[in-house]
Amino acid sequence: MSFLVIVVSLIVVWIASLCKILHSGSSYSKNTFLSEVSDGAPNRRNVLLVIAHPDDESMFFSPTINYLISRGHNVYLMCLSIGNADGMGNTRKDELYQACLVLKVQPQQVKILDHPDLQDGFGLVWDRGLLSKTIKEEVSTHHIDTVITFDNYGVSGHCNHCDVHYGIRKLLEDASERRIEAWELVSSSILRKYIGPVDIWLSMLLATKSDSRVAHCLLNEQPLKSFSAMAAHSSQWVWFRKLFVSFSSYTYVNTLRRID
Ligand SMILES: [Zn+2]
């Protein structure tokens with residue numbers, strides 16, 4: 001009987017959390033993330049999202065992408081590898097373009113690298129100097145003013161994700177790039193990672209307690225779009241990833257923290 005009560009309670013909380021996401025959207029916390037107004041008009045940013053592999057954008061960053069696109073920001077995506085660990089790099093590259101179409105990121109604003117020293121794989125260390133130099137070129141080409149990437153744990157602890165974070169830190173050390181505003185996706189504990197939309201309550205609470213200059217909680221206004229984007233990665237869309245996307249809190253909410 002008590003087990004049944006727990007299950008029913010979990011289902012009720014899950015549904016309530018989903019309703020909260022769908023009805024309050026990312027307007028939560030009077031969301032001021034990149035929403036300055038100058039001369040009466042919203043200040044549109046040139047934002048570069050830097051990821052390590054095709055599907056990182058859909059699995060982890062879709063609340064952020066949906067927020068930025070819906071606010072009219074100019075979103076660029078840089079993927080530092082084609083995800084060739086299993087020899088399917090060219091397929092995965094095509095799938096990333098398909099996913100970006102779903103997420104409304106323009107194909108001409110997507111750059112996917114296949115550099116010999118930046119190949120997908122555990123244990124393959126990506127040189128921070130090379131990363132910094134490569135990202136810097138993209139930043140100057142598109143007049144990027146805001147960069148978003150992984151934090152130093154990279155959600156899953158994957159070394160390529162962590163290296164991307166440190167590559168951007170190295171870029172920021174460059175005096176000429178101090179003007180760039182950089183944000184990292186905060187990695188959450190394993191428990192919070194797999195409680196799906198229920199995590200929004202804790203994320204919102206923590207964001208409330210933080211200074212809005214250093215942390216923001218972005219709810220995903222369109223979680224179904226995240227599923228569609230991930231499904232565009234056909235070669236990766238196997239049962240356990242379907243489960244991951246359903247139960248992962250990153251499908252429903254992103255907490256971003258300013259990299260200082
Ligand atoms: Zn990845």
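In this predicted model, His143 counts as exposed because 8 C-beta neighbours lie inside 10 Å, and a residue is classed as exposed at 12 or fewer. His143 occupies the loop between H5 and S6. Its phi is near 55 degrees, a positive value in a residue other than glycine. His143 follows helix H5 in the chain. A positive phi also occurs at Leu34, which is not a glycine and has a value of about 50 degrees. Leu34 is located in the loop between H1 and strand S1 (37-38). In contrast to the exposed His143, Leu34 is buried, because 21 other C-beta atoms lie within 10 Å and the threshold for burial is 20 or more.

The strands considered next form an open sheet. Seven strands make up this sheet, in the order S5-S4-S3-S6-S7-S9-S8, and their pairing is mixed. Strands S5 (110-112) and S8 (215-219) stand at the edges; each has a single partner strand, so one side of each is left without a neighbour in the sheet. On average, neighbouring strands of the sheet are turned by 20 degrees against each other, direction ignored. Helix H4 (residues 89-103) packs on the sheet, where it touches strand S4 (74-79) and S5. The direction of H4 makes about 165 degrees with that of S5.

Strand S3 (residues 46-51) runs parallel to strand S6 (residues 146-150), and three bridges join the two. Leu48 has Val147 as its bridge partner in S6. S3 also pairs with S4 in the parallel sense, over six bridges, and Val47 stands opposite Val75 in S4. Five of the six residues of S3 are buried, so that this strand is mostly covered. Antiparallel pairing joins strand S7 (residues 181-185) to strand S9 (residues 253-258) through three bridges, with Leu256 in S9 as the bridge partner of Leu185. S8 and S9 are likewise antiparallel and are joined by five bridges; here Cys217 stands opposite Thr255 in S9.

When residues up to four places away in sequence are not counted, Leu77 touches Leu49, Glu57, Cys100, Val105, Gln109 and Val110.

Leu131, Ser132, Thr134, Ile135 and Val139 are the buried residues of H5. These buried residues pack against S3, S4 and helix H6 (159-173). In an α-helix there are 3.6 residues a turn, so residues three or four places apart point the same way.

Lys104 is found in the loop between H4 and S5. With 15 C-beta neighbours inside 10 Å, Lys104 counts as partly exposed. Lys104 and Ile69 are 35 residues apart along the chain, and their C-alpha atoms are separated by 7.2 Å. Lys20, in contrast, has its place in helix H1 (residues 2-24). Lys20 also counts as partly exposed, with 17 C-beta neighbours inside 10 Å. The C-alpha atoms of Lys20 and Gly40 are separated by 30 Å, the two residues being 20 residues apart along the chain.

Methods:
Residues numbered from 1 in each chain as written. Predicted model: local features only at pLDDT ≥ 70, side-chain atom pairs only at ≥ 80, totals over all residues. Helix = DSSP H or I, 4+ residues; strand = E, 2+ residues; numbered from the N terminus. Pairing = 2+ DSSP bridges. Axes fitted to C-alpha atoms, helices over the stretch in contact; angles between N-to-C directions. Contact = placed C-beta atoms within 7 Å.
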